[in-house]
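Hi everyone, thanks for making time this morning. I'd like to walk you through one chain, so please have the viewer open while I talk.

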Amino acid sequence: RIWSSAVEFTTDPLASFPSSLATPTVVETLSNGVRVRMASYPTGMDCAFGDMYLIGVFTSPTATTGSLAGSSWGWNDSACESWGYWGPSGEYSLQTLANTQLIDPGTTYWVRVYLQDDYDREIWSSAVEFTTLTVAG
């Protein structure tokens, strides 16, 4: 084997990761869920470095597992286009998070947003409390 001379190169630095996420905004409560607005993905966390952008409903304001209802999106790295219903910075998405089997009427829950990048760095937003509507009996 014959090897060529070595060529020095420098890789791009790792993209900065957000130190916080925008909390979702509760738009409407339902008897079995909630309608929320979640902000678009943070700057730089698009197809280049983003991996997961999720929103979920929890029974505790500090919970990070066991979501009762939620939605998630990924990035299409090859096409450099987002999947899902949120758009570029400044746009918002209205999501209905509902589950008739796990979310009870007249009960308090919390909704949170989660972001993970291709390097497994992750962050959760603060939780937003809501109480589902009671069902007239």
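Read from the N terminus on, the order is β-β-β-β-β-β-β-β-β-β.

A word on where this comes from. The model is predicted, so local features need pLDDT of at least 70 and side-chain atom pairs count only at pLDDT 80 or more, while totals for chains, interfaces and linings use all residues. Residues are numbered from 1 along each chain as its sequence is written, and side-chain values use heavy atoms, with hydrogens and water left out.

How much of the chain is buried? Of its 137 residues, 37% count as buried. By that I mean under 20% relative accessible area, with exposed being over 50% and partly exposed in between (1.4 Å probe, protein chains only). The accessible surface comes to about 8300 Å², and carbon and sulfur atoms account for 49% of that; these areas are from the Shrake-Rupley method with a 1.4 Å probe, and for residues only the protein chains shown count as cover.

Now contacts, meaning heavy atoms within 4.5 Å. Among those between residues at least 6 apart in sequence, 65% join residues at least 24 apart.

Let's go to strand β9, where you'll find Ile123. Ile123 counts as buried because its relative accessibility is 13%. Which residues does Ile123 touch, leaving aside neighbours within four places in sequence? They are Phe17, Pro18, Ser19, Ser20, Leu21, Val113, Tyr114 and Leu115. Val113 is 10 residues from Ile123 in sequence, and their C-alpha atoms are 8.4 Å apart.

Next, please step back to the loop between β8 (108-117) and β9 (122-124), where Asp118 sits. Asp118 is partly exposed, since its relative accessible area is 35%. In that loop you'll also see Asp120, which is exposed because its relative accessibility is 55%. Take a look at the backbone of Asp120: phi is near 65 degrees, a positive value in a residue other than glycine. Most residues other than glycine have a negative phi.

Asp118 and Asp120 form a negative surface patch with Asp51 and Glu122. Patches are made of residues with over 30% relative accessible area and no salt bridge, joining like charges within 9 Å and nonpolar side chains (Val, Leu, Ile, Met, Phe, Trp, Tyr) within 5 Å. Lys and Arg count as positive and Asp and Glu as negative, with His and the chain ends not counted; a charge is placed at NZ of Lys, CZ of Arg, CG of Asp or CD of Glu.

How many salt bridges does the structure hold? There are two, taking a salt bridge as a side-chain nitrogen of Lys or Arg within 4 Å of a carboxyl oxygen of Asp or Glu. Asp117 pairs with Arg121 at 2.6 Å, N to O. Asp117 counts as buried because its relative accessibility is 0%, while Arg121 is partly exposed at 22%. Glu28 and Arg35 make a salt bridge as well, with their closest N and O atoms 3.3 Å apart. Glu28 is partly exposed at 34%, and Arg35 is partly exposed at 25%.

Last stop: Gly66, in the loop between β3 (50-58) and β4 (69-73). Gly66 counts as exposed because its relative accessibility is 56%. Not counting residues up to four places away in sequence, Gly66 touches Val57 and Phe58.

Thanks, and I'm happy to take questions.

Methods
Helix = DSSP H or I, 4+ residues; strand = E, 2+ residues; numbered from the N terminus.
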